[in-house]
Every structure is written in structure tokens, then in C-alpha cells.
Amino acid sequence: MITNVDDHRSFTRMYVDCGLRFKMDGSNDLMVGTVHNLSAQGVSFATDEPLPQDAELFIEVNSGGGSVPPLMAKAQVLRCQEANNGEFEVACSMQISA
């Protein structure tokens, strides 16, 4: 287990800039966003639509390269805040699929 002393997290965050596709549990509507950072237990991303707190999502993060398979995970929205640029900043806890 790696601990980041600055923010007392159990896992280090990786800052990334890549695409994300997701849908809310029970919906077939595919939505998109841009990942800002992720760790073993969470993800932060921007999207055009507000998401309700505690919503369950199924997410796919594609590395952009064919050599690394996409990250597939079930996620739960912890918070969603409107940013200055009109997008929504979403923070989720997640469980990575096997």
C-alpha cells in the first residue's frame, strides 16, 4: 500500500488526460468525459452533464494505445460540481472489474 503523505490517501493518484465513456446504472445512454486523475479506488473526470450524488456508473477508460486494455469499473458518484467552464467535475469511488 502506497500512502501519499500530503493528502493522507491510501493510494497515489495518477494525473492523466484521457477519454472516458460511461453510463448510469439502468440506462443505455452512453456519455463521455475526460479523466483528470485516477487511483486504485477512485476517479475524477469532467463531463457536460450533472450527475446525482450516489449514482452508480459503469465506466470505461481507454488508454489510447492498443497494447493496454481499457479499464472497466463500477463507480459511485461522491460529488459533482459545476466548473467555471460550464463542465461538471465528478469524483467517484470505484471498483475495478476483473
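In this predicted model, residue I59 is buried, its relative accessible area being 3%. I59 belongs to strand β4, which covers residues 56-61, and, when residues up to four places away in sequence are left aside, I59 touches L20, R21, F22, V43, L71, M72, A73, A75 and M94. Separation along the chain and separation in space can also be set side by side for I59 and L30, which are 29 residues apart in sequence, while their C-alpha atoms are 9.8 Å apart.

The burial of I59 may be viewed together with the largest nonpolar core, a set of 19 residues in which F22, V43, F45, L51, L57, I59 and C92 have the most contacts inside the core. At least two residues of this core come from each of the strands β1 (14-24), β2 (31-38), β3 (42-47), β4, β5 (71-82) and β6 (88-96). In soluble globular proteins, nonpolar side chains tend to be buried together. L51, which is listed with I59 among the core residues with the most contacts, touches F22, M24, M31, F45, L57, V77, C80 and V90, again not counting residues up to four places away in sequence.

The strands themselves are arranged as a barrel, which six of them close in the order β1-β2-β3-β6-β5-β4 with antiparallel pairing. Within this sheet, neighbouring strands are turned against each other by 45° on average, when direction is ignored. Strand β4, which holds I59, is joined to β5 by six bridges, and these two strands run antiparallel; E56, for example, has Q76 in β5 as its bridge partner.

The structure contains zero disulfides. C80 takes part in no disulfide, and the nearest cysteine sulfur, which belongs to C92, lies 8.8 Å away, whereas a disulfide would require the two sulfur atoms to be within 2.5 Å. C92 is likewise in no disulfide, its nearest cysteine sulfur being that of C80.

The protein chain averages a pLDDT of 85, and 85% of the residues score at least 70. Over residues 1-5, however, pLDDT stays under 50, and for this stretch the model has eight contacts beyond four places in sequence.

Methods. Residues numbered from 1 in each chain as written. Predicted model: local features only at pLDDT ≥ 70, side-chain atom pairs only at ≥ 80, totals over all residues. Heavy atoms only, no water. pLDDT = per-residue confidence, 0-100. Contact = heavy atoms within 4.5 Å. Helix = DSSP H or I, 4+ residues; strand = E, 2+ residues; numbered from the N terminus. Buried < 20%, exposed > 50% of the residue type's maximum accessible area, 1.4 Å probe, protein only. Core = buried A, V, L, I, M, F, W, Y, C linked by side-chain atoms within 4.5 Å. Pairing = 2+ DSSP bridges. Axes fitted to C-alpha atoms, helices over the stretch in contact; angles between N-to-C directions.
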